[in-house]
Protein chains: 2
Amino acid sequence: MKISLDQFDKAFENRIRLQIMSVLVANESYDFNSLKELLNLTDGNLASHLKALEKEEYIQVEKTFIGRKPNTRYLASEKGRSAFRLHLLALENLIKQQKL
Amino acid sequence: MKISLDQFDKAFENRIRLQIMSVLVANESYDFNSLKELLNLTDGNLASHLKALEKEEYIQVEKTFIGRKPNTRYLASEKGRSAFRLHLLALENLIKQQKL
DNA sequence: AAAAGTACTTTGTTGTTCAAAGTTAAATAT
DNA sequence: ATATTTAACTTTGAACAACAAAGTACTTTT
């Protein structure tokens, strides 16, 4: 019996990064504060998880202004999307195995 | 939009524990050395992850002899099985969200 | 001028993961 | 009889990850 978690991605092992990526793949962009509220995180903690995903080039950052307020938006990159897709496939396979 | 990872279980956040649990739920029991080979782990590392699952009462241990050699077998408990089921459901929901 | 908002960074503590080495006890080989 | 091996750990120590809280820089609102 083979346990196929080959495509399992360390960057998504953490629950919070899994959630962030899930949001960013489902919504073409999401800003810092909305993410912070949605996931109920301190800003420092959110920033560091975002940075980890940025380091992997799984997300991109866009700094703009809404009215006169700074607004930082995050987007899943193509690289991030496909890495995430593979990761979910790995999880899906694991789930499927359980159902046989 | 709600991100439903409510049933996400910290005990299964780690890749190795996820694999162990996956094996133990699919096979009614598995012994230490087979698990060690299957997952390619040092014995110390495997032992500590097994201990973590034992502490949660997600697995049970049975010490027997095969011939004259000691043989330690691990089994998923009912508690472990249902916790794992809920965890996989949480992941499944996450995956489903992506596909909408 | 003071307070508040945005988006961080820094600091320091705590937690997690791991390999490697050590342990115990029995079994087998020399 | 002694040495080596196997099984199944435990202990140690180091590296890394996660987190809250506090600090920062800059701007805007009051």
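Predicted model: local features only at pLDDT ≥ 70, side-chain atom pairs only at ≥ 80, totals over all residues.

Biologist: Let's start with chain A. How many bridges join S2(A) to S3(A)?

Modeller: There are 8, linking S2 (residues 59–66) of chain A to S3(A), and the two strands run antiparallel. One of the pairs puts Lys63(A) across from Thr72(A) in S3(A).

Biologist: And what sits between S2(A) and S3(A)?

Modeller: A turn of 2 residues, which makes the pair a hairpin. Gly67(A) in that turn has a positive phi of about 65°.

Biologist: Which other strand pairs with S3(A)?

Modeller: S1 of chain A, residues 30–31, is joined by 2 bridges to S3 (residues 69–76), again antiparallel. There, Tyr30(A) faces Tyr74(A) as its opposite number.

Biologist: Okay, switching to the DNA. Which residues are closest to DNA strand D?

Modeller: His49(A), Asp43(B), Lys63(B), Thr72(B) and Tyr74(B), out of 18 residues that surround DNA strand D. Of the DNA strand D atoms within 4 Å of the protein, 86% belong to sugar and phosphate.

Biologist: Nice. Which side chain has an N or O atom 2.8 Å from a phosphate oxygen there?

Modeller: That is Lys63(B). Asn33(B) also has a side-chain N or O atom 2.9 Å from a phosphate oxygen of DNA strand D, and for a polar side-chain atom of Lys51(B) the distance is 3.3 Å.

Notes. Residues numbered from 1 in each chain as written. Chains lettered and ligands numbered in written order. Heavy atoms only, no water. Pairing = 2+ DSSP bridges. Helix = DSSP H or I, 4+ residues; strand = E, 2+ residues; numbered from the N terminus. Near = heavy atom within 4 Å. Polar contact = N/O pair within 3.5 Å; in protein donor to acceptor, adjacent residues only side chain to side chain.
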